[in-house]
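Subject: Handing over a structure, with notes

Dear colleague,

I am passing on the structure we talked about, and below it you will find my notes. Please read them with the coordinates open beside you.

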Amino acid sequence: MRRPVRIAITGAAGAISNSLLFQLADGSMMGDDQPVILQLIEMPERMEALRGLAMELEDCAFPLLHTITLHDNVEEGFNNAHYAILIGARPRGPGMERRDLLEVNAEIFTRQGKALNDHANRDVKVLVVGNPANTNALIASRNAPRLSPSQFTALTRLDHNRAKGILANHTGANPQDIDGIIVWGNHSTTQFPDLHHARVLGEPVLNQIDDGWYKNEFIPRVQTRGGQIIQARGVSSAASAAQAVIHHMRDWVLGTPSGQVVSMGIVSDGSYGITKGIFYSFPVRCNYGRYQIVRGLQLNDFSLQMMKTTETELLEEKAAVEHLLPAETAASHENLSICLRSGVTLYADGTGPESASKYLTTNRVM
Ligand SMILES: NC(=O)c1ccc[n+]([C@@H]2O[C@H](COP(=O)([O-])OP(=O)(O)OC[C@H]3O[C@@H](n4cnc5c(N)ncnc54)[C@H](O)[C@@H]3O)[C@@H](O)[C@H]2O)c1
């Protein structure tokens, strides 16, 4: 039996966590031979609710659930964490502008980035779920000068799964027979769900569907799915978000199935002309705990335009929080190509291998 790993989760008494924690404790995320220690973090006023949830987890008698600890602050809650899933965020309140939302969340994720830097395990893997997820990931990562930006990711797997589900429904295919879907850009309504490289049972999807349906129905439906769910349920997607978290972390840690491509919000290394240093959703493959961007895809003018639109929104979000991004981490976020190509972790404080190191000459581009 393996040694337990420590998984810290913020927003642990919220709706997404209510689904997530039970799947996490039953081995769905880290594998059925990996015991877990859950370090659950909430706002002080939600600690009683969290205590109740912890009792329920205990009552499931999960063999893999080693320990549960409860915390009302991230400094304690992130202590030695191997994985951190940042779900807790401030939702948009009445009369709140997008800029205000960015600002209040920026404060939360600045503190969380610093706490990860100071208290988490050196090799911690971080997934940001709380919205605006890409920009929150940027803020956390820029506030963690000792960690590598490649240790931070933002959740766009829900959008990826939504695209796959809607396409499966339309074509009558089983979701497991669909591959090559890509979600580019921001987890927002500007995202680009790209089917140009997708296949159903090995056959290109775009040969099998109507171009008008793809551009006028499919793309907007995926882009606005979150809003449609809020309209129908009165609250935002929770169970599907939890499932996407499981898929994202499982693939990152245990590897994507052979030949499969998934979408992850990661720091841009300039691939496909996307501005370096922003958190943008790219097609990736994972193995041995690393992700690597899929390279060499042919992009037509339509795709390039769609990718640009969502990039522009991310640059605007970045500009709105620029005053909260420490200058000292700017360079590390813009010089990652070696790290992302080779899979070797270069820590932001420069204590990773030298760029001239012989270990970095392997070109593992996939
Ligand atoms: N990236 C995605 O695909 C995706 C999908 C769905 C939801 N979301 C986002 O995830 C977030 C959570 O969604 P939910 O449905 O679980 O919301 P929720 O309101 O049910 O739960 C959020 C919980 O976070 C806690 N919290 C808030 N700030 C905190 C902080 N600083 N530290 C610790 N805990 C904190 C709250 O007390 C609350 O219990 C929202 O921002 C939502 O927009 C993202």
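Which domains does the domain assignment of the protein chain give? Bearing in mind that this is a predicted model, the assignment gives domain 1, covering residues 5-154, and domain 2, covering residues 157-315. The C-alpha centres of domain 1 and domain 2 are 23 Å apart, and the contact takes 26 residues from domain 1 and 24 residues from domain 2.

On the side of domain 1 that touches domain 2, at least two residues are supplied by each of helix 1 (15-25), strand 4 (83-86), strand 5 (125-128), helix 5 (133-142) and strand 6 (152-154). Helix 1 gives the most to this side, with 6 residues. Sorted by class, the side of domain 1 that touches domain 2 has 16 nonpolar, 9 polar and 1 charged residues.

Helix 5, which is named above as a supplier of that side, is mostly covered, with 10 of its 10 residues buried. Among the buried residues of helix 5 are Asn-134, Thr-135 and Asn-136, together with Leu-138, Ile-139 and Arg-142.

As for annotation, an unreviewed UniProt entry places the feature "domain: Lactate/malate dehydrogenase N-terminal" at residues 5-145. In the model, the end C-alpha atoms of residues 5-145 lie 24 Å apart, and the span is 43% helix and 19% strand.

The ligand may be of particular interest to you. Of the 26 residues around the ligand, those that come nearest are Gly-11, Gly-14, Ala-15, Ile-16 and Gly-88. The shell around the ligand has, by class, 15 nonpolar, 9 polar and 2 charged residues, and this shell draws at least three residues from each of domain 1 (5-154) and domain 2 (157-315).

One further feature is an open sheet of 3 strands, in which the order is 7-10-11 and the pairing is antiparallel. Why is one side of strand 7 (178-179) and of strand 11 (203-204) left without a neighbour in the sheet? Both stand at the edges and each has a single partner strand, so one side of each has no neighbour there. Strand 7 is joined to strand 10 (residues 199-200) by 2 bridges, and the two strands run antiparallel; the bridge partner of Asp-179 in strand 10 is Arg-199.

With best regards

Methods: Residues are numbered from 1 along each chain as its sequence is written. This is a predicted model: local features need pLDDT of at least 70, side-chain atom pairs count only at pLDDT 80 or more; totals for chains, interfaces and linings use all residues. Domain bounds come from an automatic or database domain assignment. Two residues are in contact if their C-beta atoms, placed from the backbone, lie within 7 Å. Helices (H or I, at least four residues) and strands (E, at least two) are DSSP runs, numbered from the N terminus. Ala, Val, Leu, Ile, Met, Phe, Trp, Tyr, Cys and Pro count as nonpolar, Asp, Glu, Lys and Arg as charged, and the others, Gly among them, as polar. A residue is buried if 20 or more other C-beta atoms lie within 10 Å of its own, exposed if 12 or fewer, and partly exposed in between; C-beta atoms are placed from the backbone. UniProt positions are given in the numbering used here, feature names are shortened, and annotations may be inferred rather than shown by experiment. A residue is near a molecule or strand if its C-beta atom, placed from the backbone, lies within 6 Å of it. Two strands pair if DSSP finds at least two bridges between them.
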